Amino acid sequence: EISLGLVGSEMCIETVDKLANFARYAHLGKHFETAVAFVEATDLTKLPLGRTEVDGDNVFINVFETVYDRPDWFWEAHRKYADVQIVLAGCERFGWGGEVTFGEIQGDLIPCKNVVGFDFTLTEGQFAIFLPLEPHSPGNPAGEPAPCRKAVIKVLTAEKDDEMLGSMMVQKKPGARKPDNVRCVPLLKSRKSSSRKKALNC
């Protein structure tokens with residue numbers, strides 16, 4: 001197990017933006033440039049459920065549609081892929097971890113526990129970017145049970161293991177602003193990774 005503490009409680013706010021501003025993030029790497037080009041040329045709401053290929057294993061999109069009926073709080077991070085979590089319809093509550101203990105690596109997935117951080121809600125047309133090693137918890141209801149359709153763009157960001165920590169140092173969005181209706185709220189206590197596997201692995 002590895003414990004990680006990140007400095008700066010405002011970091012979670014810096015991950016949130018409107019989809020119309022996605023082009024600002026092309027500087028995150030060559031594969032982000034590919035993702036930006038695809039988003040600008042595609043109506044994401046028309047994508048089918050499941051996986052859509054963009055550039056092989058470098059960039060691909062998973063589309064989900066579900067009803068969130070209770071918080072799952074499955075906390076995860078990824079070794080080499082960045083997650084761009086986009087809400088296409090409805091809303092979804094996310095967690096972002098500032099302090100975390102990493103569990104055993106399972107491919108690209110790293111389960112997390114002993115998480116202390118923030119949670120926030122995305123609504124239609126908003127997204128959050130989680131870089132490799134950034135703990136996050138997707139798939140939580142933002143109130144009463146309601147359907148949500150989302151797209152998760154998987155972007156290969158750290159192609160070598162020694163690039164993983166370096167990817168955490170990338171400045172994500174110079175000059176960008178968070179949407180007015182997005183607020184980050186500190187978690188009242190540490191929430192552990194759920195043992196349930198129904199959480200979206202995305």
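The accessible surface of the chain amounts to about 9600 Å² (Shrake-Rupley method, 1.4 Å probe; for residues, only the protein chains shown count as cover), and 52% of this surface belongs to carbon and sulfur atoms. The model is predicted, so that local features need pLDDT of at least 70 and side-chain atom pairs count only at pLDDT 80 or more, whereas totals for chains, interfaces and linings use all residues. Residues are numbered from 1 along each chain as its sequence is written, and side-chain values use heavy atoms, with hydrogens and water left out.

Two helices and twelve strands make up the secondary structure of the chain; helices (H or I, at least four residues) and strands (E, at least two) are DSSP runs, numbered from the N terminus. Along the sequence, these elements follow the pattern β-β-α-β-β-β-β-β-β-β-β-β-α-β. Of the 202 residues, 49% are buried, a class defined by under 20% relative accessible area, with exposed set at over 50% and partly exposed in between (1.4 Å probe, protein chains only). Among contacts (heavy atoms within 4.5 Å) between residues at least 6 apart in sequence, 82% join residues at least 24 apart.

Positive phi values at non-glycine positions were examined next. Asn 114, which is not a glycine, has a positive phi of about 50°. Asn 114 is located in strand β8 (residues 109-123) and is partly exposed, at a relative accessible area of 33%. Leu 133, also not a glycine, has a positive phi of about 75°. The loop between β9 (126-130) and β10 (136-140) contains Leu 133, and with a relative accessibility of 7% Leu 133 counts as buried.
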